[in-house]
Amino acid sequence: MAGPLPPTRLLAAERGAVLLSCALSCAGSALLLGSQARWPELRTRPRQLLLHLSLADLLSALSYSYGVLRDFQRTSWDCVLQGALSTFANTSSFFWTMAVALYLYLTIVRGSPTGTGLLWGFHAVSWGVPLAITVAAVALKKIGYDASNVSVGWCWVSLDAEDRLLWMLLTGKVWEILAYVTLPVLYILIKKHINRAHAALSEYRPILPGAPALQPPASVADKKLILIPVIFIFLRIWSTVRFVLTLCGSPAVRNPVLVVLHGIGNTFQGGANCILFVLGTRAVRARLLALLCCGRRGQPAWPGRGSPGPRQQPQPRGDKDVPDPGRTKPLLPST
């Protein structure tokens, strides 16, 4: 590893951009958590995984925002506390992102049953491993001021640590790099399986012109969850670029564009999840609009069904048409 570089001084505009990203991520994570608390029917297994990922992203954004506001210049007690919280939350986010991809692979491609045992295993690894690493790093005094060359104002691995590279790998980078390799492989396998399922189902649609569109085994929610690894890589790659530049001793690590991209990438995961799975989901968006704008009680109108009138008359039993099950039982949103 090259010698220590001069500290990266943050400009006011850079700090403002990262703080805005932190605020949007906190708001997005809180909105996602609140939507599941408000509407229990949204608590499907894929969204349970997304819930835990959002918790990790929320804690990460909160701890990062404190670090950016303080803009630490030396190691202090709150620097160590902030560094420990962000290390735990950031590493946990890596594990939960890989857990989501693994869950999708097992359910969509392998068709394996996913009971509570698998979920508890995800909890043990995704919370337990980051906690053990963080406790060890704090106990060995490896967390502290890092001159913002591999961060954006917050504290991480201390400059005084002789084995600094080892701890930078253990407290984040090795899991980040592992995710870069693992997630694309699982994503490609999932997409290939879905494409094959679509091709197989399309052969039967001309034979059944009056039948409803056949759905692949994966729900719409599962398809959207596939985007999490893609967004993860796009957001996180900038921190890896600055990490490599720091190892090489390159002054480009202080490039303002890289600094801002690094800060936004590390803090905006919660906001991206909110855009995909709250604002980008018609079922949840309709409920939010009804709750915030209309102030109506009960279920909002589902997209594609039309707005129900103030009083709906039931169809007489003598009607020869087959009743639509969607009119007698609300369709639970899978997205």
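This is a predicted model: local features need pLDDT of at least 70, side-chain atom pairs count only at pLDDT 80 or more; totals for chains, interfaces and linings use all residues.
Me: How do helix α2 and helix α3 run relative to each other, going by the angle at which their axes cross?
Reply: Two packed helices are described by the angle between their axes and the distance between the axes. Here helix α2 (residues 45-70) and helix α3 (residues 77-110) have axes that come within 8 Å and cross at roughly 155°. Angles over 145 degrees count as roughly antiparallel. So the relation of α2 to α3 is roughly antiparallel.

Me: Which hand does the crossing of α2 and α3 have, and how many nonpolar, polar and charged residues are in their contact?
Reply: As α2 passes α3, the crossing is left-handed. Sorted by class, the residues in the contact of α2 with α3 come to 14 nonpolar, 10 polar and 4 charged.

Me: How many aromatic pairs are there, and what is the geometry of the one formed by Phe88 and Trp127?
Reply: The structure holds 6 aromatic pairs. In the pair of Phe88 and Trp127, the ring centres are 5.9 Å apart and the planes make an angle of 25°. Planes under 30 degrees apart count as stacked, so the name for this geometry is stacked.

Me: Which helices does the pair of Phe88 and Trp127 tie together, and how many residues apart are the two in sequence?
Reply: Phe88 belongs to helix α3, while Trp127 belongs to helix α4 (residues 116-139). The pair therefore ties together parts of the chain whose separation in sequence is 39 residues.

Me: Is the pair of Trp96 and Trp127 stacked or edge-to-face?
Reply: The ring centres of Trp96 and Trp127 are 5.8 Å apart, with the planes at 65°. Planes over 60 degrees apart count as edge-to-face. The pair is therefore edge-to-face.

Me: Which residues form a cluster through ring pairs, and are they buried or partly exposed?
Reply: Trp96 has a relative accessible area of 0% and is buried, and Phe88 is buried at 18%. Trp127 has 23% and is partly exposed, since buried means under 20%. Trp96 in helix α3 and Trp127 in helix α4 are 31 residues apart, so their pair links distant parts of the chain. The cluster linked by ring pairs is Phe88, Trp96 and Trp127.

Me: How many salt bridges are there, and which residue does Asp78 meet in one?
Reply: The count comes to 3 salt bridges. In one of them, the side chain of Asp78, buried at 7% relative accessibility, has an N to O distance of 2.9 Å to its partner.

Me: Which distant parts of the chain does the salt bridge of Lys142 and Asp163 link?
Reply: The closest N and O atoms of Lys142 and Asp163 are 2.9 Å apart. Lys142 is buried at 15% relative accessible area, whereas Asp163 is partly exposed at 29%. The two are 21 residues apart, and the parts linked are the loop between α4 and β1 (143-144) and the loop between β2 (156-157) and α5 (164-202).

Me: What separates Lys173 and Glu176 along helix α5?
Reply: Lys173 and Glu176 form a salt bridge, with the closest N and O atoms 2.8 Å apart. Both Lys173 and Glu176 are buried. Because they are 3 residues apart in helix α5, their separation is about one helical turn.

Me: What distance separates the C-alpha atoms of Thr267 and Leu20?
Reply: Thr267 sits in helix α8 (residues 256-267) and is buried at 2% relative accessibility. Along the chain, Thr267 and Leu20 are 247 residues apart, yet the distance between their C-alpha atoms is 9.5 Å.

Me: Where does Ala147 lie, and what is its phi?
Reply: Most residues other than glycine have a negative phi. Ala147 lies in the loop between β1 and β2 and is buried at 3% relative accessibility. Although Ala147 is not a glycine, its phi is positive, at about 65°.

Me: Is Ser148 buried or exposed, and what is its phi?
Reply: Ser148 has its place in the loop between β1 and β2. At 3% relative accessibility, Ser148 counts as buried. Ser148 is not a glycine, but its phi is positive, at about 60°.

Terms used:
Residues are numbered from 1 along each chain as its sequence is written. Side-chain values use heavy atoms; hydrogens and water are left out. Axes are lines fitted to C-alpha atoms, for helices over the stretch in contact, and angles run from 0 to 180 degrees between N-to-C directions. Helices (H or I, at least four residues) and strands (E, at least two) are DSSP runs, numbered from the N terminus. Angles under 35 degrees count as roughly parallel, over 145 as roughly antiparallel, 65 to 115 as roughly perpendicular and the rest as oblique. A crossing is left-handed if the near helix is turned anticlockwise from the far one by less than a right angle, and right-handed if clockwise. Ala, Val, Leu, Ile, Met, Phe, Trp, Tyr, Cys and Pro count as nonpolar, Asp, Glu, Lys and Arg as charged, and the others, Gly among them, as polar. Rings of Phe, Tyr and Trp (its six-membered ring) pair if their centres lie within 6.5 Å; planes under 30 degrees apart count as stacked, over 60 as edge-to-face and the rest as tilted. Buried means under 20% relative accessible area, exposed over 50%, partly exposed in between (1.4 Å probe, protein chains only). A salt bridge is a side-chain nitrogen of Lys or Arg within 4 Å of a carboxyl oxygen of Asp or Glu.
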